[in-house]
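Let's take a friendly walk through this structure, with an eye on its charged pairs. Have a look at it first.

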Amino acid sequence: MSMRREVGGLRKGMAEFFELPKEIVLDLPKITMVGDLQMSVENHRGIVEYSSERVVIAVSEGHLVLTGEELMIGFVYQEEITITGRFRRVEFCR
């Protein structure tokens, strides 16, 4: 087992034991969707690519790729991004 996996397992165990939000302890994105019309991504690393049909957002372990129609960035804060439009596909890429 690699050191990275051991540390990840320890963090996950601590999050569960202390009932802490896993997205914070494990540095994971938290994604909230409202149907196929709106998405909020917390704990992101920035926007990598943007067009009206594709948005790529950097996250801790790779990229979150959104494809659809009429995609627009609602707002960008240091810890949260909101995207609106008609989502067709949501994909994690490492």
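Does Pro29 count as buried or exposed? This is a predicted model, and in it Pro29 counts as buried because its relative accessibility is 18%, where the cut-off for buried is under 20%. You'll find Pro29 in the loop between α2 (22–25) and β1 (30–34). Ser40 sits 11 residues from Pro29 in sequence, and their C-alpha atoms are 9.9 Å apart in space.

Now for the salt bridges: searching the whole structure turns up 6 salt bridges. Here are some of them.

| Pair | N to O distance |
|---|---|
| Arg86 and Asp36 | 3.4 Å |
| Glu61 and Arg94 | 2.8 Å |
| Arg88 and Glu69 | 3.6 Å |

Start with the salt bridge between Arg86 and Asp36. This pair links distant parts of the chain, 50 residues apart: Arg86 is in strand β6 (residues 80–93), while Asp36 is in the loop between β1 and β2 (38–42). Arg86 is partly exposed at 36%, and Asp36 is partly exposed too, at 26% relative accessibility.

Next comes the salt bridge between Glu61 and Arg94. Glu61 lies in the loop between β4 (54–59) and β5 (62–76) and Arg94 in the segment after β6, so the pair ties together parts 33 residues apart in sequence. Glu61 is partly exposed at 38% relative accessible area, whereas Arg94 counts as exposed at 83%.

Then there's Arg88 with Glu69, another salt bridge. Arg88 belongs to strand β6 and Glu69 to strand β5, so this pair ties together parts 19 residues apart in sequence. Glu69 is partly exposed, with a relative accessible area of 40%.

Finally, a network of salt bridges links Asp36, Glu69, Arg86 and Arg88.

Terms used. Residues are numbered from 1 along each chain as its sequence is written. This is a predicted model: local features need pLDDT of at least 70, side-chain atom pairs count only at pLDDT 80 or more; totals for chains, interfaces and linings use all residues. Side-chain values use heavy atoms; hydrogens and water are left out. Helices (H or I, at least four residues) and strands (E, at least two) are DSSP runs, numbered from the N terminus. Buried means under 20% relative accessible area, exposed over 50%, partly exposed in between (1.4 Å probe, protein chains only). A salt bridge is a side-chain nitrogen of Lys or Arg within 4 Å of a carboxyl oxygen of Asp or Glu.
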